[in-house]
Amino acid sequence: MLNLDIIHLVCDAALDIPTILSLSRVSRTLRPMAAKQLLAQKKPVVLGSERVIRSFHMFLLAERGVRARFVRALSIVGNRITMTHTTFPPNVLSCLLDILNRATLLESLSMPPSYWVFDGVQLSRAIGGLANLRELKLLHHCGQVESIVKSIRSAPLLRILRVSLHSFVPSNPTHVTTTDLDALLSPLLPTLEVLEITDKEAAFTTRGLIYPELRSLSVGLMVPWRIDVLIAKFPKLDAILDLTPGYVRILQETTPQQEQDIRAANIIAQKKGTWRKLDRVVGELYLLYMLAIECPIHHLLVDDISPRNMTQLTEVLCTSPPARLTLTMRLNFGNVLSAGLFPEAVVPKLSHLAILLTYTSDRFEDTAPAVQTFRWSDLLASIISSIGKLELTHFRLYIHYSINMDEYDPSDTYYTGAFPPEPFVTDLIRLRHEEASAALMAAIPSLQCVFITVRGDMYNLSRHDRNWASRLESTPWWPHRPWSEHSGCTRTPRVEPIEVEKLGDDILEQAISDEGLRISEMDDGVSVFVCPMYPPSGDRTHELPTARRHTVFDAV
């Protein structure tokens, strides 16, 4: 019979959730130990419904309430919680307040995406009273963010803050100034390492206060786009610089000459110094072009690419050639893939490439004439032509199309597209992934793995063309196809037909994440109007509310 000391060692050594759950079912002796180990996991306990919140509350009250002090991370999602006009239902609110008051050692807290949750002050006080938080996420219209941030007891320990400034009233009605941001976050400056701001854009006109420990920054930028101010304000930035506009974007018009002048000024400013390196940089092409970041970049994600700004893309890639690259391109303005897409400076370094191609057909899209007769064979040929000289090991192609039949009116003179675009879209729906993968691998000898994703949104088709709609309904809407070379990697040209094998579906998502090929935060629901690109491991990928990445708590 094992003594308790050995049993404790066994429980402490169990780190994965399935093993911990198995231990909890062995005996009553192991159950409390397994519960402690489960709650102490860094992966958040997800409370996604009223029943789960009540069950978890009852679970914490067991064993005289001692379990609550082992809770380290909570993620409360409101998608299955019935909200009133002001806050949670009273019975759920009381449970949440008691959980937060008892979990005195809570290190990570994520609140649900509903602005009305914080209209009252009870939850705000409970969150502000937490003294051990390292990470706090208050996104999506949090109404009490200013009072929480300024009064939180965890200020000396807080490392990660993800916050919506929707309800924050800055001195300028269109954006947050340097002074506004410094006044809000000043209690957190000495320790803050990760900062994410949504729902308001920032204009850093002056340096203001220095954020001495900040390593990751996510914020939409407004004029002036001065790289020297960012470097001086965030001197230790070396992980993530995400400059996507987020939920609210103020359109900013600049002329080509203005963009060139701003870029030239930023290049001169960096002669005095720049960051040591950046693991990941995300932003729209025009902004990345103007900032002219010169430090080494491991993973670069570029949005809003069209034939109109291809010269800017070339200059961005030449300034700091990345090892991993993700590009979002729109086919409506013409084919952006050509033999001269990637400059010579990129060739020896780039190993991972992900390309998102979006196509929209409705009366509001200005579709280039060449695209109206586009076929998959044309697209594949242009892809091979553009990436053929690269020494890639991993390549992902994500094609997203959106067709709105309800907007089609043949007599409408404003409509310029040929509708429905049956040849190209039908090609995508009936795409033979194995043949496409083999063609790509034959063209690029260094390729080890190819991922092909095709997703489409069709609206109101049956009202106009029932036959076409019925053919679509019988086809896969989201075919994910990863292929690897059967015979292994080789640097020599392939003459004989390529044999490829399909990887198991169980490793698909993990492989995309591990190799830095994720396109969007959820890797689905990609919009052709806004294409947020949040890459894989190390940051937001691990926030996805799935059982694989979180402890989904029901009852133990």
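The lining of the largest cavity divides into seven nonpolar residues, two polar and one charged, where Ala, Val, Leu, Ile, Met, Phe, Trp, Tyr, Cys and Pro count as nonpolar, Asp, Glu, Lys and Arg as charged, and the others, Gly among them, as polar. The model is predicted: local features need pLDDT of at least 70 and side-chain atom pairs pLDDT 80 or more, while totals for chains, interfaces and linings use all residues. Residues are numbered from 1 along each chain as its sequence is written, and side-chain values use heavy atoms, without hydrogens or water.

The lining consists of Arg 263, Val 281, Leu 288, Ala 292, Ile 293, Ile 297, Leu 300, Val 316, Thr 319 and Ser 320.

The axes of α4 (residues 50-61) and α5 (residues 90-102) come within 9 Å and cross at roughly 40°, each axis being a line fitted to C-alpha atoms over the stretch in contact, with angles from 0 to 180 degrees between N-to-C directions. The two helices are therefore oblique to each other, since angles under 35 degrees count as roughly parallel, over 145 as roughly antiparallel, 65 to 115 as roughly perpendicular and the rest as oblique. In the contact (heavy atoms within 4.5 Å), α4 residues including Ile 53, Phe 56 and Leu 60 meet α5 residues including Val 92, Leu 96 and Ile 99. The contact residues divide into eight nonpolar, two polar and four charged.

Note on methods
1 Å grid on protein atoms, 1.4 Å probe; cavity = no way out; pocket = protein on both sides within 12 Å on 5 of 7 lines; lining within 4 Å. Helix = DSSP H or I, 4+ residues; strand = E, 2+ residues; numbered from the N terminus.
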